[in-house]
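Subject: Structure handover

Hello,

Here is the structure that you asked to look at. Please open it next to this email and follow the residue names as you read.

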Amino acid sequence: MQPRDPRVEVVLVDDHRMFRSGVRAEIGDLVDIVGEAPNVDAAIEVITRTRPAVVLLDVHLPGGNGNGGVDVLYGCRGLETASGQPVRFLALSVSDAAEDVIAVIRAGARGYVTKTISANDLTSAIRRVADGDAVFSPRLAGFVLDAFGAAAGEIAEVDEELDRLSAREREVMRLIARGYQYKEVAKELFISVKTVETHVSSVLRKLQLSSRHELTAWAMGRRLL
Amino acid sequence: MPTPYERTPGAVETGAAARRPPRRMHRPVEGRIIAGVCAGLAEHLGWSARMVRVGFVLLSLPGGAGLVAYLFLWALTPQSVGGAVERDDGRVPVDPARPEGPARPVDQAAAVVGGASDEEQRTAARTLLVGGGLLIVGLVVVAQNAGFNLRLGFLVPLLVIAVGAVIAWSQLDDAQRGRWLGTPDGPRRFSVARLAFGGFLALTGLVIVATRGRSLTAVWDIGLASLAVVAGIVLIAAPWGLRLWSDLRREQAERARATERADIAAHLHDSVLQTLALIQRRADDPAAVAQLARAQERELRSWLYAGPSGSDATLASAVAEVAHEVEDVHGTPIELVATGDRPLDDGGTALVRAVRESLLNAVRHGRPPVSVYVEIGPSGVEAFVRDHGEGFEVDDIPEDRLGVRQSILGRMERHGGSARVRRLEQGTEVSLALPPLPTNGAAAPAGSVPTHDTTPPAEASHATP
């Protein structure tokens, strides 16, 4: 990662104060935490006021319409930072449930990591999201492979197809599921880190836009459609 | 309604056997002329069937008494099942305990739930009803003949109301409903019909009583007026009724929620609170604390998110199990990702054992994070175990160390799969592969350890030739 002069501005949304202070202690020196919020309504207010580059968003939150992080994402639609970049969201959760993951991603989050992530990994994930790239945890990658039928051998004929992954995207997802960092993926596939990021972003786009029935079913279960 | 008399079916059987109930009359399916009443009676009494039949005909000739008796017996005698008599035919001296209505002890018909079988009870109740009805009719006829004015025009509607009410109210009693409508198919429809019929009877009786001796137009006017009153009452009472109903529903939902909350509280108490107490007690041992927390987290997670697909007999769940086991023993967190699933077979078991061995190596010699990725698809199974330690080369392992060579490489090859160990820039990765399920296992290129520079697409094609 290239060094960045201004530290990334981050808002921390989580209903557990202990967790918020823990994250603040761990990454407070590496990023600029400009605000915290314990629930949906406070989160929307703080994010609208501070307009950070990245929001660290817990999936399960009290308040709003009862949909947690999804409500925050809808409430902050179209917000931009001072420099004209959209405010980006990185979901942070203890939940493994596929419908939770898919709900926040489809509502617009740029990535999904679990709360057991190390401070260094979290910092680099935040930077990556701030740059407009996507961040996938191994678990999310595994879920994507499953949901798109890639593990079962379904491969898109053309890259633009929304309901299936391309062969290259499948390989990238497989390596991420195996615990590889982006630069390890790049080395493994003999491509640049930038290309890996492009593939991951494209998978994220498919995840958000695809009408593949598994995804739709989960989204319907959460009453998002 | 549970009564102290209630017994299990087995107990009923033994009780019945000990008491040896009197033989019941049945109408045989074979050898009958009309409905088998005479044949059944003849068999029951040990008389000749011809004699009985002649007797019935003779009785019917003057006043029709024989006909009534025939119908009565027809209604009350069960047909023998499958040609054979239901009861055992022990030579019990036949006491003519004729099913003569009130002659049957009342408690037998209604109260003793445990003593009599369902069929017996039904017959008894029917006997009681029909017998009672006949008795009343007989009494009325006798009284009328004797010169008393019983005001039949008033009595009959009253009777109709009573019968209708009994039929309708019998729906309220669960036991009753079970006895009367215990048919396996369509009991609900029948029950509704019965309710409607009962209500209709009672209403008709009421109307007759209320409009006795008036002209048809007057009855019509009264009917309209009553209808208007009823409609008004319904209109006014409806909101109250609805309110009451919704209150009831809400209360039920609340009770269900409370039960659920109690369940959750009980579970949290048994698991999380206990573990928290343990953690406080062992606060000076970070490894133990981490291990406890991790195990508890996993337990809670599986409780919260476990889907219906929780069978132990699948490959994915078996891998998850060994990952958790290694995690518990060594206290190193293992990130497990699995896609797809398939039943556990011999090859799968070998793969699970190899994964376990690889994980043990990873937590002993490598450094966390340790991750497992298992991909189970139609083109075979691939598993990857990765750590972030120094890494090692297979060739550097001394010949006498059997762990990797035997438990991982050898085992996979014996089961038609393949395995290889790669040294990454940071850490080691063990890759295991199994051929797909339906094709026979020998199809895979056993013993082919791919070279280090193959890219994953080539690797996938390697596992599925």
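Accessible areas come from the Shrake-Rupley method with a 1.4 Å probe, and for residues only the protein chains shown count as cover. On that basis, chain A has an accessible surface of about 9400 Å², and 50% of it belongs to carbon and sulfur atoms.

Some ground rules first. This is a predicted model, in which local features need pLDDT of at least 70 and side-chain atom pairs count only at pLDDT 80 or more, while totals for chains, interfaces and linings use all residues. Residues are numbered from 1 along each chain as its sequence is written, chains are lettered from A and ligands numbered from 1 in the order in which they are written, and side-chain values use heavy atoms, with hydrogens and water left out.

Chain A in outline

Chain A contains 10 helices and 6 strands; helices (H or I, at least four residues) and strands (E, at least two) are DSSP runs, numbered from the N terminus. Of its 225 residues, 54% are buried. Buried means under 20% relative accessible area, exposed means over 50%, and partly exposed is in between (1.4 Å probe, protein chains only). A contact means heavy atoms within 4.5 Å. Among the contacts in chain A between residues at least 6 apart in sequence, 64% join residues at least 24 apart.

The sheet

In what order do the 6 strands of the open sheet in chain A lie? The order is S2-S1-S3-S4-S5-S6, and the pairing is parallel. Two strands pair if DSSP finds at least two bridges between them. Strand S2 (32–37) and strand S6 (135–136) of chain A are the edge strands, each pairing on one side only. Further in, S4(A) and strand S5 (residues 111–114) of chain A run parallel and are joined by 4 bridges. One residue to look for is A:Ser93, whose bridge partner in S5(A) is A:Thr114.

A:Asp58

Strand S3 (residues 54–58) of chain A holds A:Asp58. An unreviewed UniProt entry gives A:Asp58 the annotation "modified residue: 4-aspartylphosphate". UniProt positions are given in the numbering used here, feature names are shortened, and annotations may be inferred rather than shown by experiment. Is A:Asp58 buried or exposed? A:Asp58 has a relative accessible area of 4%, so it counts as buried. Leaving aside neighbours within four places in sequence, A:Asp58 is in contact with A:Val13, A:Asp14, A:Asp15, A:Gly69, A:Leu92, A:Ser93 and A:Lys115.

The nonpolar cores

A nonpolar core is a set of buried Ala, Val, Leu, Ile, Met, Phe, Trp, Tyr and Cys residues joined through side-chain atoms within 4.5 Å. The largest one has 57 residues, of which A:Ile47, A:Phe89, A:Phe136, A:Val144 and A:Met173 touch the most other members. Helix H4 (residues 98–107) of chain A gives this core its largest share, 7 residues. Domain 1 (1–132) and domain 2 (134–225) of chain A each supply at least three residues to this core; the domain bounds come from an automatic or database domain assignment. Not counting residues up to four places away in sequence, A:Ile47 touches residues including A:Val11, A:Val72, A:Val87 and A:Phe89. A second, separate core has 34 residues, among them B:Ala316, B:Ile334, B:Ala354 and B:Val381.

Helix H8 (residues 182–189) of chain A is largely enclosed by the rest of the structure, because 6 of its 8 residues are buried. Those residues are A:Tyr182, A:Glu184, A:Val185, A:Ala186, A:Glu188 and A:Leu189. After H8(A) comes A:Phe190, which has a positive phi, near 55 degrees.

A:His199 sits in helix H9 (residues 193–209) of chain A and is buried, at 16% relative accessible area.

A:Arg77 lies in the loop between helix H3 (69–75) and strand S4 (88–93) of chain A. At 52% relative accessibility, A:Arg77 counts as exposed.

Chain B

For chain B, an unreviewed UniProt entry lists residues 55–77, 127–146, 152–172, 192–210 and 222–242 under "transmembrane region". Residues 192–210 of chain B are 100% helix and 0% strand, with end C-alpha atoms 27 Å apart. Residues 222–242 of chain B are also 100% helix and 0% strand, and there the end C-alpha atoms are 29 Å apart. B:Leu195, in helix H9 (residues 187–210) of chain B, is partly exposed at 43% relative accessibility.

Regards
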